[in-house]
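Grab a pencil and work through the exercises below. Try each task before you read its solution.

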Amino acid sequence: MQRDQSQTLSQRFHQYRASKAVLFWACAGSVVVATIVGFSWGGWVTGGTAQEMAEDSAAQARQQLAAVVCVDRFMAAPDAGDQLTALKDIERPYEQSKFVADGGWAIIVPASSPTDYTTRTDDSKAAELCAAELAKREMPAAEKAELTKDDAAIAQ
């Protein structure tokens with residue numbers, strides 16, 4: 001079969017008939033390219049990765065909630081001013097979180113068993129977040145007023 005050199009590119013394109021092998025490999029290549037692009041730049045993830053992301057988000061939410069409750073418990077304690085001063089005297093963040101954890105302010109629900117790793121990790125992270133927030137706080141105004149009155153009484 002002889003091709004006519006006078007045909008335009010458009011005419012040759014309309015007359016072209018692909019074989020089954022060419023169609024198969026074009027489809028296979030398209031699937032591979034779409035998969036690579038989807039997982040690389042499209043934000044696709046596998047079911048296992050999605051499950052891990054959901055579990056991480058849930059754990060982070062529990063830790064943040066526990067930290068908020070911890071700060072409220074800490075500040076509601078009768079000796080909050082003294083405890084806050086003691087916390088601020090500790091320089092290392094790890095020791096601050098240990099102080100909060102040992103005080104029991106970061107524990108919301110007791111662990112089901114002493115070997116429950118997830119709960120212990122959540123508690124330590126909550127204590128870390130709580131200690132960081134408490135380190136930023138100032139002594140409550142009522143505590144400051146009581147200390148000022150006590151200092152004035154001692155001076156007299």
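**Exercise 1. Find out where K98 and D102 lie and how their side chains meet.**

Step 1: Look at helix α5, which holds both K98 and D102. They sit 4 residues apart, about one turn of the helix. Helices here are DSSP runs of H or I with at least four residues, strands are runs of E with at least two, and both are numbered from the N terminus.

Step 2: Check the side chains. Those of K98 and D102 meet in a salt bridge, 3.2 Å from N to O. The rule asks for a side-chain nitrogen of Lys or Arg within 4 Å of a carboxyl oxygen of Asp or Glu. Side chains of opposite charge can pair when their charged atoms come close.

Step 3: K98 is partly exposed at 42% relative accessible area, while D102 comes out exposed at 59%. (Buried means under 20%, exposed over 50%, and partly exposed in between, with a 1.4 Å probe and protein chains only.)

A word on the ground rules: this is a predicted model, where local features need pLDDT of at least 70 and side-chain atom pairs count only at pLDDT 80 or more, while totals for chains, interfaces and linings use all residues. Residues are numbered from 1 along each chain as its sequence is written, and side-chain values use heavy atoms, leaving out hydrogens and water.

**Exercise 2. Work out which residues of α5 are buried and how they are arranged.**

Step 1: Pick out the buried ones: Q96, S97 and V100.

Step 2: Now look down the axis of α5. The buried residues fall within an arc of 95 degrees, so they line one face of the helix. (The arc is that of the directions from the helix axis to the C-beta atoms.)

Step 3: Turn to the other side of α5, where Y94 and D102 are exposed.

Step 4: Zoom in on S97, which has 10% relative accessibility and so counts as buried. Leaving aside residues up to four places away in sequence, S97 touches A127, E128 and A131. (A contact means heavy atoms within 4.5 Å.)

Step 5: Follow the chain out of α5 and you meet G104, with a positive phi near 85 degrees.

**Exercise 3. Sort out the aromatic pairs F24 with W25 and F39 with W44.**

Step 1: Note that the structure holds 4 aromatic pairs. The ring centres of F24 and W25 are 5.0 Å apart and the planes stand at 75 degrees, so this pair is edge-to-face. (Rings of Phe, Tyr and Trp, the last by its six-membered ring, pair if their centres lie within 6.5 Å; planes under 30 degrees apart are stacked, over 60 edge-to-face, and the rest tilted.)

Step 2: Do likewise for F39 and W44, an edge-to-face pair with 5.7 Å centre to centre and 80 degrees between the planes.

Step 3: Check the surroundings. F24 and W25 are both exposed, F39 is partly exposed at 43%, and W44 is partly exposed at 45%.
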